[in-house]
Amino acid sequence: MTHMHSPTAGPTASFRPADFLEHLRVHRQEVTLALDRHWREFIVSEVIDKLSEEFNFFVDQDAKYTRSDLHRFLRKQDLILNQQMRFFVQDSIDEWTRFLESFLPNPDVVAPTPLLVLHIMDKYNAVRLDPDAKTLVKSILEAMNGIVECCNAIRTVEYELVPFCNIPETQMYPITMTFPPLLDAQKRVTEVLDQCLEEPIALLEEYKRYEYLLGERPDPELDTNDVEVMQERVAALVKAAEEVEFLSASVMRYPLFEVHTDGIVHSLVTKAQQLVEYYLEKVVEHITKGSQEVLEKWHEVHVRILTTPSNEDDLAKLKDFMANIHNVMGPLINQTDYLHRQIQMVSEFRYQVPEEVIESAFKAY
């Protein structure tokens, strides 16, 4: 008979959990149909074909029928089918458990292709495993409960073979979700899943170290005109983005699970780059404004020095200005040097400063 779950041979491809669970659901339906039509109905047909000349299947007297050899034969037939169903259900549960156990690390066996694909991604500004571990385990255990519905859909044959007697329609091998072999298997499967999830969860925790990037907003109290502050802030963001990019491969293969990280890497790096661009743009705004102001001040000093005095009063003022020019030149030189430091800082992060701004800053010298 066809088993209710995947064979113990390893998979040749990895599945999204939702697709795999749907595959299990469809497979159970196909097995239920096969049991009902190709096994049970075949038995009904064979019994009628072989015994119709010897027995009257259209008997309508219950008392007479219950004393007949036909009743004893059909009752024995149902008991045999009941036993076969019991073996089939138990074997299906055991084989499904062995199938998942085959993914546990074994130094003597080549590791099979991971069965399920997980994604580490950004959900509501948080680093999450998709699907998360608890949801995944719960879904697989619930899928295992599907064997109950499959098993209980198969009915005994006696009531169908003698339709005119009041033989009750009963399940061939009724089980519930408290079926001990099922509960034992679910316990073991939970242990296997928990063990195989350890490495994906450890990788998740590595990416969660950078979760702060997803919710970070530009700090309005940060002095974007302070070159040291901006250097430190932007460098930290660039470093975080680089660390995220080299944290792991885009696809990590572990026992049972294949973990894709391209989604979270893109989200974290993009967010860091957006913040870097925001802060560097603010610095460029300061450079643009400051370079124009400094250039104008230098021009004023230049004009003041080169203007020929028209009288003794203007000459006296010029002499006084020249005597104290260091009070003017010192701040201008410092301001100009600061602009060049800002330009250098921005350039180190490969951010484009408009050519006319750079030209204005260097004209100040």
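Predicted model: local features only at pLDDT ≥ 70, side-chain atom pairs only at ≥ 80, totals over all residues.
View 1. Residues are numbered from 1 along each chain as its sequence is written, and side-chain values use heavy atoms, with hydrogens and water left out.

**View 2. Tyr-124 and Asn-125 have positive phi values in the loop between E1 and E2.** Tyr-124 is not a glycine, although its phi is positive, at about 55 degrees. It lies in the loop between strand E1 (116-122) and E2, where it counts as exposed because its relative accessibility is 84%. Asn-125, in the loop between E1 and E2, is likewise a residue other than glycine with a positive phi, here of about 60 degrees. With a relative accessible area of 38%, Asn-125 is partly exposed.

**View 3. A cis peptide bond leads from Asp-130 to Pro-131.** The omega of this bond is near -5 degrees. Pro-131 itself lies in the loop that runs between strand E2 (127-130) and helix H4 (133-144).

**View 4. Helices H7 and H8 pack against each other.** Two packed helices are described by the angle between their axes and by the distance between those axes. For H7 (residues 180-196) and H8 (residues 198-208) the angle is about 40 degrees and the axes are 4 Å apart, the axes being lines fitted to C-alpha atoms over the stretch in contact, with angles running from 0 to 180 degrees between N-to-C directions. Asp-194, Gln-195 and Cys-196 of H7 make the contact with Glu-198, Glu-199 and Pro-200 of H8, where contact means heavy atoms within 4.5 Å. These residues divide into two nonpolar, one polar and three charged; Ala, Val, Leu, Ile, Met, Phe, Trp, Tyr, Cys and Pro count as nonpolar, Asp, Glu, Lys and Arg as charged, and the others, Gly among them, as polar.

**View 5. Salt bridges include the pair of Glu-160 and Arg-40.** The structure holds 16 salt bridges, each a side-chain nitrogen of Lys or Arg within 4 Å of a carboxyl oxygen of Asp or Glu. In the pair of Glu-160 with Arg-40, the closest N and O atoms are 2.7 Å apart. This pair links distant parts of the chain, with Glu-160 in helix H6 (residues 158-161) and Arg-40 in helix H1 (residues 17-51), 120 residues apart. Arg-40 is buried, with a relative accessible area of 3%, whereas Glu-160 is partly exposed at 36%.

**View 6. Glu-211 forms a salt bridge with Arg-128.** The closest N and O atoms of this pair are 3.5 Å apart. Glu-211 lies in the loop between H8 and helix H9 (212-215) and Arg-128 in strand E2, so the pair ties together parts that are 83 residues apart in sequence.

Methods
Helix = DSSP H or I, 4+ residues; strand = E, 2+ residues; numbered from the N terminus. Buried < 20%, exposed > 50% of the residue type's maximum accessible area, 1.4 Å probe, protein only.
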